[in-house]
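This report describes selected features of one protein model, with attention to side-chain packing and backbone geometry. The sequence and the structure are shown first.

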Amino acid sequence: MLIKDILLRQKSNDNLAVTFGKEKLTYRQLFEFVQKNADKLKIYASNSHNIGLLLPNSSNYIIGLFTILFLDKAAVPLEASIKKSELKNIINYCDINLIITDTKHKKLLTDVENINIFDIETNTLEINSQSCIKCDLQTHFDDVTMLMHTSGSSDKPKRVMLTNRNIISNIEANIEALNIKENDKTLISLPMYFSYCNTAQLLSHMYVGAQIVILDTIFLPHIFFSIVEKEKITNFMTVPTIIKTLLNYSNQKTIQSLKWISIGGAPIDNETFKKLIESFKDIEFIKTYGLTEASPRVSTLLSKDCRTKTASIGKPMKGIEVKIILENGNEAKEYEKGELSLKGDNVMKGYYKNTQETAKTIKDGWLHTGDIGYYDEEGFIYLSGRKKNIIISNGINIYPEEIEDVLMSHHAVEQAYVYGILNETYGEIPEAKIVIKKETAISDMELLQYCREKLSDYKIPAKIIFVDKLQYTNNMKIKRTESLNVK
């Protein structure tokens, strides 16, 4: 089965598929919109296998995604709030010649050369590149079908290559773990370009023909409860920063339709998790763990185990094998800490155009996550730290090297070191230490403005600290001892 078959097999289904504000579309209508777009774009589809998707959360995002899949191309979902410099880097790196977008976001492409643009709102195609041929069919189970976000602002962006096999296997395991049914109705507030939302929520519910409601405003507790009650939402997937806001809402109410809430994307502290369980006794809470390289879901802590195994991330989902590897290469025993490694059909094909990084991450078929943890005598897994330098802010990965590259591109900066600091709202936020070139003067506000011009808002350092020098390891790499990611 290919991902596009999720919609193809629903083409005669007149049940409601998606609600976005006042817009309501059935599965049949979704199929008809997608097929119409695919027919229009077929002869213009780029000879690149990769098509960009620059759209915010909306029904158009779903239509755009499946349009790409119907063209048998690989989708490259792009953050709607992306800055132009980041967008150009990704377009060049990912060999994108065609982008599906809307009228508002099309403005980001005004001075980008050799890009064909399809405005999904006006149904118009702007031809700016003649390097087009008919679609080469990419219809095998192991063909790359999505290049998912891990980073993008530096000159060497990283994109995870996920195949039909990767994503379909993860969808099926996720559906079984969470018992998602056709009569379910999920509320989406997470970014749809985010792998967590893409696979575990959007595609998993479409797979069974369930209903999707897309939040069309900012997330606020009173709005959440109102929509859940009005639409009779049965489940919700979110990140710790969002779920914490529900605890502070004084008008908490019991809503019979809401069966469970799944929390993932970043670790949630035990105290908050316990408060949620106690505050909302009629809702089942599920904790999940995953990473984009794993399509992304790896493990699930079901509600029946939440009280006795609160600190755990649960057990691996069906078809996923996990082992803990010690520094000496041996497999860990119970309670011995080591690196989480996993194997299964969900493991990525690799990083796009980055065989060196792929070889470091996948060894003998095992995906090395960079997360440190252990398992107990019952096989429940626990996390205790990270080997990688990733900063997880509001459930989204930030790579310090991206921000460092931008800072280093400023003529006044000699050295830059970015690390994560704890933040009550977002979990982690980036902070930077800077060494300025001799006989150069610049303020922290000037550097922050420089970052705002080149980086998405969530990547901008919360603070810039000027120092005389940075510490380096023996092999002349920045000694990242101050990053909370080094445990």
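Over the ring of which residue does the charged end of lysine 287 sit?

## Charges over aromatic rings

The charged end of lysine 287 is placed over the ring of phenylalanine 273, at 4.8 Å from the ring centre. The model discussed here is a predicted one.

## Aromatic pairs

A pair of aromatic rings is described by the distance of the centres and the angle of the planes. The structure holds twelve aromatic pairs. One of them joins phenylalanine 224 and phenylalanine 236, with 4.8 Å from centre to centre and 50 degrees between the planes, a tilted geometry. Phenylalanine 224 belongs to helix H7 (residues 221-231) and phenylalanine 236 to strand S12 (residues 235-238), so that the pair links distant parts of the chain, twelve residues apart. Buried means under 20% relative accessible area. Phenylalanine 224, at 2%, is therefore buried, and phenylalanine 236, at 0%, is buried as well.

Phenylalanine 280 and phenylalanine 285 form another tilted pair, 6.3 Å centre to centre and with 55 degrees between the planes. Phenylalanine 280 counts as buried because its relative accessibility is 7%; for phenylalanine 285 the value is 2%, and that residue is likewise counted as buried. Ring pairs connect Phe219, Phe224, Phe225, Phe236, Phe280 and Phe285 into a cluster.

Helix H8 (residues 240-247) has Pro240, Thr241, Ile242, Ile243 and Leu246 as buried residues. Which elements are included in what covers them? The cover includes H7, S12, strand S13 (260-263), helix H9 (270-279), strand S14 (284-290) and strand S26 (427-436).

Cysteine 306 is located in the loop between S15 and strand S16 (315-316). With a relative accessible area of 2%, cysteine 306 is buried. Leaving aside residues up to four places away in sequence, cysteine 306 touches Phe273, Ile277, Phe285 and Leu301. Among these contacts, Phe273 carries the ring under the charged end of lysine 287, and Phe285 is part of the cluster linked by ring pairs. The C-alpha atom of cysteine 306 is separated by 46 Å from that of lysine 36, 270 residues apart along the chain.

## Packing of helices H5 and H6

Two packed helices are described by the angle between their axes and the distance between the axes. For helix H5 (residues 164-178) and helix H6 (residues 195-208), the axes come within 9 Å and cross at roughly 80 degrees. Angles of 65 to 115 degrees count as roughly perpendicular, so H5 is roughly perpendicular to H6.

On the H5 side, the contact is made by Ile167, Asn170, Ile171, Glu172, Asn174 and Ile175; on the H6 side, by Thr199, Ala200, Leu203, Ser204, Tyr207 and Val208. The residues of this contact comprise seven nonpolar, four polar and one charged.

Beyond residues up to four places away in sequence, asparagine 170 touches Thr199, Ala294, Ser295, Pro296, Arg297, Met317, Ile320 and Asn346.

Serine 295 lies in the loop between S14 and S15 and is buried, with a relative accessible area of 0%. Proline 296 is found in the loop between S14 and S15, and the peptide bond leading from serine 295 to proline 296 is cis, with omega near 0 degrees. Arginine 297 is in strand S15 (residues 297-301) and, at 2% relative accessibility, counts as buried.

## Positive phi angles

Most residues other than glycine have a negative phi, and most peptide bonds are trans. Serine 295 has a positive phi, near 80 degrees, and is a residue other than glycine. Aspartate 72, also not a glycine, has a positive phi of about 60 degrees. Aspartate 72 occupies the loop between helix H3 (59-70) and strand S4 (74-78), where its relative accessible area of 8% makes it buried.

Methods:
Residues are numbered from 1 along each chain as its sequence is written. This is a predicted model: local features need pLDDT of at least 70, side-chain atom pairs count only at pLDDT 80 or more; totals for chains, interfaces and linings use all residues. Side-chain values use heavy atoms; hydrogens and water are left out. Axes are lines fitted to C-alpha atoms, for helices over the stretch in contact, and angles run from 0 to 180 degrees between N-to-C directions. Helices (H or I, at least four residues) and strands (E, at least two) are DSSP runs, numbered from the N terminus. Angles under 35 degrees count as roughly parallel, over 145 as roughly antiparallel, 65 to 115 as roughly perpendicular and the rest as oblique. Contact means heavy atoms within 4.5 Å. Ala, Val, Leu, Ile, Met, Phe, Trp, Tyr, Cys and Pro count as nonpolar, Asp, Glu, Lys and Arg as charged, and the others, Gly among them, as polar. Rings of Phe, Tyr and Trp (its six-membered ring) pair if their centres lie within 6.5 Å; planes under 30 degrees apart count as stacked, over 60 as edge-to-face and the rest as tilted. Buried means under 20% relative accessible area, exposed over 50%, partly exposed in between (1.4 Å probe, protein chains only). A charge sits over a ring if NZ of Lys or CZ of Arg is within 6 Å of the ring centre and within 35 degrees of the ring normal.
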